[in-house]
Amino acid sequence: MENSLTLNKKKSVWKRIKSNVSSYVMIAPFGIFFILFWMIPVIGAIFLSFTSFNMLELPVWAGLSNYQRMLLEDDVFFTVLSNTIVFAVVTGPLGYIFSFFFAWLINDMGRILRPIFTFFFYAPTLAGATYMVWTFLFSNNQYGFLNGTLMNLGLISEPVLWLSDETIVMYVIIIVQLWLSLGTGFLAFIAGFQSMDKSLFEAGAIDGVKNRWQELRYITIPQMAPQLMFSAVMQISATFAVGDIIMALAGSPTTNYAADVLVTYMKDLSTVRFELGYACTVATFLFILMIILNNIITTVLRKYSTDD
Amino acid sequence: MKLPRIRIFKESVNRSTAGNVAIFIILLLFAAFFLLPVIYVIMSAFKPLDEILIFPPRFFVRHPTTTNFTQLGIYVNDFWVPLSRYIFNSVFMTVLGVGGGLVFGSMAAYPLSKHKFPGKAVFNQIIVLSLLFSAAVTEVPRYIVMSVMGLIDTQWSIILPACGATLGLYLMRNFIGQINNSMIEAARIDGCSEFGIYNKIIMPNVKPAWLTVLVLTFNTTWNNQGTTFIYTENLKGLANIITQLNSGGTARLGLAAAATLIMMLPPMIFFLFSQNMIVETMSTSGLKE
């Protein structure tokens, strides 16, 4: 009896698959590229993290030795991990708050000013490779804009090694990353504010909402929950991806790994030292870190948005 | 004749003019932080060499000149790869990568949004989860996949992953979600195939989403230096030139700025002309679970 039931159920699933062939066919082309270039790398990295692999020979099973090395023996890993955490703790939330806050302020501008300000704030992201300009602003020699200006004002007597000094370089990169922090999440907020139902605010005003802060707290934020979630995901994704900027500004690897993060360390391990198995161990660690963080943040956001 | 009233600020309840002015000033101050480096690039691109090497450095250009641009052409011709080749490469990779992402992405977005089939929920969850994993984070394992497939040092190493990037798919899927079901039902009753519906109803209605995804992905592909996967100089894109000029030090600042200016214009112009449609699309970008 039970058997025939599950059989029936199986059959009906198969029938439903068959009757929806067109859906699968339409997903297939995208799916193939997605699986090959996004899914297999992530799953493959988890597998390779248990192997010793140098790209020239086939991977050799190494058990947990890579994890042992990472967590117990590798000092550089801990430097890089703490850099990643410091970097993420500063630029992640700040970038998120910037995106929300500026989108909120811009929303109070009129039809003409709003798109202009949106463009101004989004310009760094659009300009992409333009972050190279920061190498000129923060150049180590006296021709660098900042050095030259400070020297001229007599504030410093010799050029500051902004991009080589271990104690300074991290701050410089944080500033540059904040400059680039208004990305896709910012656009989502801009759009979210604009598409809000106006009658809600009028109803709120009747119910005693007195100023824009109260409006934000009691009407806007609860309505923005989906955008807040989406932007959080984009923010986590962007925060841990910062690698090109560091390599462009401070070199690869940076002086004593002072500004290296997990992404650049992975690259160093794989392209310079050909320790791909170990690089995949670091990658797996990063994936797990991101997923845990994402789960925490979405849980908090969901709870907050349903409370109101 | 009655002139239309220009509203400087949005008219809404609970807004004081003083507050609006304060916000305007705050925005101006921060806009300076976000814009000044971009303006510095524009200024430097038009500076003659003596103004670049001057001490103390000046922000503004005194005697604007176009020598940097002509010099850039000459300098780049000294590479054994002509500038036109770099431009062709960038355009080629961007058009195929962005185009592929749009076509394949929108085709997959329709069933993921409107159809009911076994596995749909799992697919959608994977897509949301994959938004977390940026290209940079997955680069090392992707390198291994590429080399197994023999794609290293080909332009396909840039183009093919762009055809399977999920941000575009996600945005288009959400946007398609708000298309009226009755239109689709009517077409189905008229005997239209699913591909026909995609072609005749979905495509014309998702134009704003197309454009948004275009702007977002154009930007990343256009600025992709591709140096991780491509070694052969005459296969690399334009972004690569900037890195090279930049390593030339201060004397090359003018040239690097000119090249940077050329690079950043296309995405900016794109964005300026499509902002309304981008806002329309992004208003459906929210993550609902």
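**Before you start**

The model is predicted, so local features need pLDDT of at least 70 and side-chain atom pairs count only at pLDDT 80 or more, while totals for chains, interfaces and linings use all residues. Residues are numbered from 1 along each chain as its sequence is written, chains are lettered from A and ligands numbered from 1 in the order in which they are written, and side-chain values use heavy atoms, with hydrogens and water left out.

**Stop 1: chain B on its own**

You will find 13 helices and zero strands; helices (H or I, at least four residues) and strands (E, at least two) are DSSP runs, numbered from the N terminus. The C-alpha atoms of chain B fill a box of roughly 75 × 65 × 35 Å along the principal axes. Of the 289 residues in chain B, 53% are buried. Here buried means under 20% relative accessible area, exposed means over 50%, and partly exposed lies in between (1.4 Å probe, protein chains only). Among the contacts in chain B with a separation of 6 or more, 71% link residues 24 or more positions apart; a contact means heavy atoms within 4.5 Å.

**Stop 2: where the two chains meet**

Now show both chains and colour them separately. How many residues of chain A are in contact with chain B? There are 109, and they touch 105 residues of chain B. The size of an interface is often given as the accessible area lost when the parts come together. For chain A and chain B this buried area is about 9600 Å², with 76% of it on carbon and sulfur atoms. Buried area is the accessible area (1.4 Å probe) that two parts lose on being put together, summed over both.

Select Met26(A), Phe30(A) and Trp38(A) next. In chain A these residues lose the most area to chain B, together 9% of what that side buries.

Across this interface there are 16 residue pairs in polar contact, both residues at pLDDT 80 or more. A polar contact is a pair of N or O atoms within 3.5 Å; within protein, one must be able to donate a hydrogen and the other to accept it, and residues adjacent in sequence count only if both atoms are side-chain atoms. Then highlight helix H2 (residues 21-48) of chain A, which gives the most to the side touching chain B, with 19 residues. That side of chain A divides into 75 nonpolar, 24 polar and ten charged residues. In this grouping Ala, Val, Leu, Ile, Met, Phe, Trp, Tyr, Cys and Pro count as nonpolar, Asp, Glu, Lys and Arg as charged, and the others, Gly among them, as polar.

**Stop 3: charged pairs**

Side chains of opposite charge can pair when their charged atoms come close. The rule for a salt bridge asks for a side-chain nitrogen of Lys or Arg within 4 Å of a carboxyl oxygen of Asp or Glu. Over all chains, the count comes to eight salt bridges.

How many salt bridges cross the interface of chain A and chain B? The rule finds one.

Move on to Arg188(B), which is partly exposed at 31%. Its side chain meets Glu185(B) in a salt bridge of 3.3 Å, N to O. Both residues lie in helix H9 (residues 181-189) of chain B, three residues apart, about one turn of the helix. Arg188(B) also meets Glu194(B) in a salt bridge, at 2.8 Å. Is Glu194(B) buried or exposed? Glu194(B) counts as buried, at 14% relative accessibility.

**Stop 4: the two domains of chain A**

Finish by colouring domain 1 (1-48) and domain 2 (68-307) of chain A; such bounds come from an automatic or database domain assignment. The centres of these domains, taken over C-alpha atoms, are separated by 36 Å. Four residues from domain 1 and four residues from domain 2 make the contact. Together the domains bury about 360 Å², 79% of it on carbon and sulfur atoms. Between them the rule finds zero salt bridges.
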